[in-house]
Amino acid sequence: MTYFKKVLLLGTGPTVVQLAVNFKNYCSDAVAIAGRESLRSKIFFESIVQHEFALKVSIQNKQHQSVAGECTINTFFEGYHKISGNWDTIVLSVTTDSYLSVLAQIDTQVLQRASCFILISPTFGSSHLVANFLKNRSPHAEIISFSTYYGDTRWLREMPSNQVLTTGVKRTVFIGSTYSKSKRLAKLSELFRHLGIHLKKITSPLEAETRNISLYVHPPLFMNDFSLNVIFNEEKRAKYVYKLYPEGPITYTTIRHLLNYWKEMMAIVKHCDIQPLNLLKFMVDDNYPLQPASIARQEIENFTKLEPIHQEYLLYIRYASLLIDPFSMPNQEGKYFDFSAVPIRNIFKNHDEEWDIPRMPKEDYYRVKIIQGIANALNLKSPTLNHFVQTYEEKLQQVVTSSENKIYSEAFQVKSFSQDIEMICKELLVNKKQNNHTHQIRS
């Protein structure tokens with residue numbers, strides 16, 4: 001049996017162009033793109049028509065040549081309700097908070113014909129959400145979660161078009177499937193070898209969703225008074241995500257919140273029968289490496305066994321060591337590349353002329369609300385997580401009530417995401433019962 005022959009990509013962001021080129025050039029006979037009807041997607045689809053369905057990926061660095069290329073897609077659907085045809089694989093490359101609304105717009109027959117659903121940038125619980133939704137539509141479909149999207153891709157000239165620029169590519173991406181023996185994972189691994197990316201298979205989609213560094217660092221870095229004042233234009237000077245205070249949000253308090261939040265997450269992870277994560281090792285080995293002189297290997301390996309104050313110290317050292325790129329070449333003055341100078345972005349006016357919130361922390365809000373809901377359902381205490389949610393929601397309410405005559409997007413609304421949480425928790429309960437049953441049989 002062949003896999004990924006007819007692939008339907010959901011979404012109209014730059015990532016979709018990169019995915020289309022890679023699938024079409026390496027394993028797919030037919031590739032289609034579907035997106036919602038909006039001004040932004042209209043510009044994207046018009047560009048596709050103008051260029052006769054041709055897409056192009058350019059790269060910034062020569063070592064990423066393997067992900068570059070061109071392809072011609074077979075068709076597109078402007079509006080999810082307009083999707084038709086037989087697609088063996090449906091790839092979700094939309095924001096995690098829109099998974100339900102997007103899938104609900106697709107004709108049930110299209111969903112029933114699909115044998116595989118791939119989540120490119122899920123958050124913790126996304127695979128359970130999709131599994132629960134598909135229960136009465138495509139119950140035997142395989143669900144595959146990536147830990148994160150495998151690159152950093154943007155529009156070539158800022159506006160949506162048929163061309164994108166990929167500026168970074170990850171060396172390793174974690175991946176998990178609902179099928180314990182998945183031939184599709186083997187096929188994906190083969191595809192990604194061509195791209196120079198190692199796909200590291202782990203036991204389940206939910207476990208893959210725990211292997212995303214943003215899950216652990218974004219809430220403490222963005223959901224604090226310092227960063228929120230910058231995001232909502234109350235601080236007029238530029239500030240930077242990964243810099244130490246006063247240039248950025250990193251203080252000893254931020255580090256303490258980061259550490260405590262990770263511990264709260266690990267309590268949830270253990271409850272779900274998933275292997276806990278050594279935070280420092282994950283940061284150093286699977287994300288951005290350090291020079292060996294910065295932190296000893298023994299400290300990294302033993303991180304989970306150390307006292308909290310020692311753990312905080314090591315996390316602070318980690319961020320201090322990455323203020324510059326420790327592997328860049330210094331210039332004549334001995335200056336290294338300013339690695340940490342990632343600006344905290346401000347609210348902006350979207351294409352509908354509404355004030356909108358940047359992707360960070362807008363997407364992180366959904367992420368923490370889902371995790372908070374899971375923690376509550378499992379009767380696990382999560383004071384740090386609750387603090388992030390409260391800080392963010394109070395800021396939203398403060399901004400909206402203090403600013404008259406401004407039109408705000410729905411991102412400024414305090415939300416419960418109760419339906420998503422309920423569906424995820426139902427699947428967690430089912431999986432827990434299945435795991436307990438398996439353990440009883442083995443014992």
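This is a predicted model: local features need pLDDT of at least 70, side-chain atom pairs count only at pLDDT 80 or more; totals for chains, interfaces and linings use all residues.
Axes here are lines fitted to C-alpha atoms, for helices over the stretch in contact, and angles run from 0 to 180 degrees between N-to-C directions. Helix α10, spanning residues 252–271, and helix α15, spanning residues 383–402, have axes that come within 8 Å and cross at roughly 115°. On the α10 side, the residues involved are His257, Asn260, Tyr261 and Glu264, and these meet Pro383, Thr384, Leu385, His387 and Phe388 of α15. Sorted by class, this contact of α10 with α15 has four nonpolar, four polar and one charged residues.

Turning to the strands, four of them make up an open sheet, ordered β4-β3-β10-β9 and with mixed pairing. The edges are taken by β4 (69–72) and β9 (151–157); each has a single partner strand, so one side of each is left without a neighbour in the sheet. On average, and ignoring direction, neighbouring strands of this sheet are turned by 25° against each other. For β4, the link to β3 (residues 54–59) is antiparallel and made through four bridges. Lys56 has Glu70 in β4 as its bridge partner.

Two helices also lie across strands of this sheet. Helix α1 (residues 14–26) lies across β3, β4, β9 and β10 (159–169), and its direction is at about 80° to β4. Helix α2, made of residues 39–50, lies across β3, β9 and β10 and runs at about 95° to β10.

Terms used. Residues are numbered from 1 along each chain as its sequence is written. Side-chain values use heavy atoms; hydrogens and water are left out. Contact means heavy atoms within 4.5 Å. Ala, Val, Leu, Ile, Met, Phe, Trp, Tyr, Cys and Pro count as nonpolar, Asp, Glu, Lys and Arg as charged, and the others, Gly among them, as polar. Two strands pair if DSSP finds at least two bridges between them.
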